[in-house]
Amino acid sequence: MKVIIREKAKDAAVWAARYIADRINEKAAKTSEPFVIGLCTGSTPIETYKELSRLVKEGKVSFKNVISFNMDEYVGLPESHPESYHSFMYHNLFDYIDEPAQNIHILNGNAPDLNAECEAYEKAIRDAGGFDFFLGGIGEDGHIAFNEPFSPLTSRTRVVTLTEDTRIVNSRFFDNDMNQVPKQALSVGVATVTDAKEVMILAFGPKKARAIHDAVEGGVSHMCTVSALQNHPAGWIVCDEAAVGELRVNSYKYFKAVEAAEKL
Ligand code: PGA
């Protein structure tokens, strides 16, 4: 994996957006096949989405031939709820880009048969040709999507039960009341993410430092599901300085040296 470190979160977020735009443009120059991307929600990707929206507005990239699949959604929360991931994605990205509505996929946490919804989602990803790229965040507990500790690294899209830690962390969006945070979600699996040709995880702020240490310097383990990225041929972790505060000095120096040598 490669770890990109920028002093400020904003610079890291912009770097990530430009990287994604370059990948979309690169594929568009080679083929008429769509670019298939996995997208995340949360506080972390907001600046990256702002920059992507700006690039679309300026005509530097287009999502007309992009197909997206979001990584997760709460179970039982109405789509119109301001904290649903449906709402988040439209308010932070889809309202500002030119991705056709039929190319947007978000799991339905209110489907009458949740297992069937998850199976259909995996099939739709396969039918689209599989992910070219997956953008994710990392939970304070090391989760990727809602793959909490002890999720199999071979997992696929399914119904998951959120840890108390995650519900406490996410209660900031629900009047600081964890009882309002749904207990379950639909989430792509770890293997759904790592099947992507390229995976990029964004992590900003000191609260992510322990998880980044575990993901980068710990062993590959279901205790920190982002650690599955260690076995991925094209895995990126894009951080600000605060998020790498618990990496060893030598690891930090190595990643900075790679950045410099490869002009990343
Ligand atoms: P955050 O969430 O971006 O709001 O910190 C990330 C995650 O839980 O994966």
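Buried residues are those under 20% relative accessible area, exposed residues those over 50%, and partly exposed residues those in between. The views below all show a predicted model.

View 1. On the face of α8 turned away from its buried side stand the exposed residues Val249, Asn250, Lys253, Ala260 and Ala261. The buried residues of the helix are Ser251, Phe255, Val258 and Glu259. Seen down the axis of α8, these buried residues fall within an arc of 100°, so they line one face of the helix. Their packing partners are β1 (2–6) and α7 (209–217). The helix comprises the 14 residues 249–262, which at 1.5 Å a residue should span 20 Å, and this agrees with the separation of its end C-alpha atoms, which are 20 Å apart.

View 2. Lys263 lies in the segment after α8, and its phi is near 50°, a positive value in a residue other than glycine. With a relative accessible area of 74%, Lys263 is exposed, because the threshold for that class is over 50%.

**View 3. The open parallel sheet.** Seven strands form an open sheet in the order β1-β10-β9-β6-β2-β3-β5, with parallel pairing. The edge strands of this sheet are β1 and β5 (104–105), each of which pairs on one side only. Strands of a sheet pair through backbone hydrogen bonds, either parallel or antiparallel. Within the sheet, strand β9 (residues 199–203) and strand β10 (residues 235–240) run parallel and are joined by five bridges. Leu202 stands opposite Val238, a residue of β10.

**View 4. Antiparallel pairing around strand β8.** Strand β8 (residues 184–187) is joined to strand β4 (residues 72–74) by three bridges, and the two strands run antiparallel. In this pairing, Asp72 stands opposite Ser187 of β8. Strand β7 (residues 158–161) also pairs with β8 in the antiparallel sense, here over four bridges. Thr161 has Gln184 as its bridge partner in β8.

**View 5. Surroundings of the ligand.** The residues that surround the ligand are Gly42, Ser43, Thr44, Gly137, Ile138, Gly139, His143, Arg172 and Lys208. For three of these residues, distances between the ligand and the side chain can be followed in the close-up. An oxygen atom of the ligand is 2.4 Å from an N or O atom in the side chain of Thr44. For the side chain of Lys208, the distance from one of its N or O atoms to an oxygen atom of the ligand is 2.6 Å. In the case of His143, an N or O atom of the side chain is 2.7 Å from an oxygen atom of the ligand.

**View 6. Arg23 in helix α1.** Arg23 has its place in helix α1 (residues 9–30). The residue is classed as buried, because its relative accessible area is 17% and the cut-off for that class is under 20%. When residues up to four places away in sequence are not counted, Arg23 touches Phe35 and Glu198.

View 7. Gln180 is found in the loop between α5 (164–170) and β8. Its relative accessible area of 36% makes Gln180 partly exposed. Leaving aside neighbours within four places in sequence, Gln180 is in contact with Phe174 and Asp175. With Asp175 there is a polar contact between the two side chains, at 3.3 Å. The view also takes in Leu77, which is 103 residues apart from Gln180 along the chain, while the C-alpha atoms of the two residues are separated by 9.9 Å.

**View 8. Phe150 in the loop between β6 and β7.** Phe150 has its place in the loop between β6 (133–136) and β7. Phi of Phe150 is near 85°, a positive value in a residue other than glycine.

Note on methods. Residues numbered from 1 in each chain as written. Predicted model: local features only at pLDDT ≥ 70, side-chain atom pairs only at ≥ 80, totals over all residues. Heavy atoms only, no water. Expected span 1.5 Å × (residues − 1). Buried < 20%, exposed > 50% of the residue type's maximum accessible area, 1.4 Å probe, protein only. Arc of directions from axis to C-beta. Contact = heavy atoms within 4.5 Å. Pairing = 2+ DSSP bridges. Near = heavy atom within 4 Å. Polar contact = N/O pair within 3.5 Å; in protein donor to acceptor, adjacent residues only side chain to side chain.
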